[in-house]
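Subject: Handing over the structure

Dear colleague,

Here is the structure that I promised to pass on to you. Please have it open beside this message while you read.

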Amino acid sequence: MDLGLHVEQLQRQLADAAATGGDEAREIVERFAAPLEAAIRLTLQDVLAAAAEEITCDLAPGAVEVRLRGRDLEFVVTAPPTEVPPADEPLPPPIDGDEGAMARINLRLPDHLKARLEQAADAVGLSVNAWLVRAAAAAVERADPGRRSGPRAPLGSQRYTGWAR
């Protein structure tokens, strides 16, 4: 997504509004136009990242990521699994760790997401905890293994990964 078009449109609207204030207002806006571009871009990125986070909450276990490539943003959507295994199909094997040490975490979820998790777990005959463990394991397996376990990118690399708020 090229933010440049949106930044230019906002700058034009600001210039049009300043024109009604006379020459002095127009000159002030012209001086601030370039420095404001960075602030406008960051604000738009924050808005889009917040929207992606909200969508991810409703899409779980799917996800929406916002990635920055150069000056352009791109969205990467990981759709949630849509297939429910038939009742006669065996469930996937237990996750490693069923016989080993366990860790406990506290997880806060919106009420509407908790209700959806309970429905999804009930649909396959699992507890919410077991369903979440399997969903997390499946998400880790789907992730690109070279991206996390490989060597780090050299300093000055043009690729950044992660999330922003």
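What follows is an account of what was found, going from the whole chain to single residues.

This is a predicted model, in which local features need pLDDT of at least 70 and side-chain atom pairs count only at pLDDT 80 or more, while totals for chains, interfaces and linings use all residues. Residues are numbered from 1 along each chain as its sequence is written, and side-chain values use heavy atoms, with hydrogens and water left out.

The whole protein

The protein has five helices and two strands, where helices (H or I, at least four residues) and strands (E, at least two) are DSSP runs that are numbered from the N terminus. Of the 165 residues, 13% are buried; here buried means under 20% relative accessible area, exposed means over 50%, and partly exposed is what lies in between, with a 1.4 Å probe and protein chains only. The accessible surface comes to about 13,000 Å², and 57% of that surface belongs to carbon and sulfur atoms; such areas come from the Shrake-Rupley method with a 1.4 Å probe, and for residues only the protein chains shown count as cover. Among contacts (heavy atoms within 4.5 Å) with a separation of 6 or more, 50% are between residues 24 or more positions apart.

Helix α1 covers residues 4-19 and contains His6, which is partly exposed because its relative accessible area is 39%. His6 and Leu44 are 38 residues apart in sequence, yet their C-alpha atoms are 8.9 Å apart in space. Ala39 belongs to helix α2 and is partly exposed, at 38% relative accessible area.

Which residues make the nonpolar surface patch of about 320 Å²? They are Leu14, Ile28, Phe32 and Leu36, and the largest share, three residues, comes from helix α2, which covers residues 23-59. For such a patch, residues need over 30% relative accessible area and no salt bridge; nonpolar side chains (Val, Leu, Ile, Met, Phe, Trp, Tyr) are joined within 5 Å, whereas like charges are joined within 9 Å. Leu36 is found in helix α2, and its 34% relative accessibility makes it partly exposed.

Salt bridges

How many salt bridges does a search of the whole structure find? The search finds six, a salt bridge being a side-chain nitrogen of Lys or Arg within 4 Å of a carboxyl oxygen of Asp or Glu. One of them joins the side chains of Glu30 and Arg26, at 3.2 Å from N to O. Both residues lie in helix α2, four residues apart, which is about one turn of the helix. Glu30 is exposed, at 52% relative accessibility, whereas Arg26 is partly exposed, at 32%. Asp23 is linked with Arg26 and Glu30 in a network of salt bridges.

Helix α2 also holds Arg41 and Glu37, which are separated by about one helical turn because they are four residues apart. Their side chains meet in a salt bridge of 3.4 Å, N to O. Arg41 is buried, with a relative accessible area of 11%, while Glu37 is partly exposed, at 26%. Another salt bridge is formed by Arg69 with Glu74, whose closest N and O atoms are 3.1 Å apart; Arg69 is partly exposed at 39% relative accessibility, and Glu74 is partly exposed at 29%.

Strand β2

Thr78 lies in strand β2, residues 72-78, and counts as partly exposed at 28% relative accessibility. Leaving aside its neighbours within four places in sequence, Thr78 is in contact with Leu59, Gly62, Ala63 and Arg142. Gly62 is 16 residues from Thr78 along the chain, and their C-alpha atoms are separated by 5.1 Å.

With kind regards
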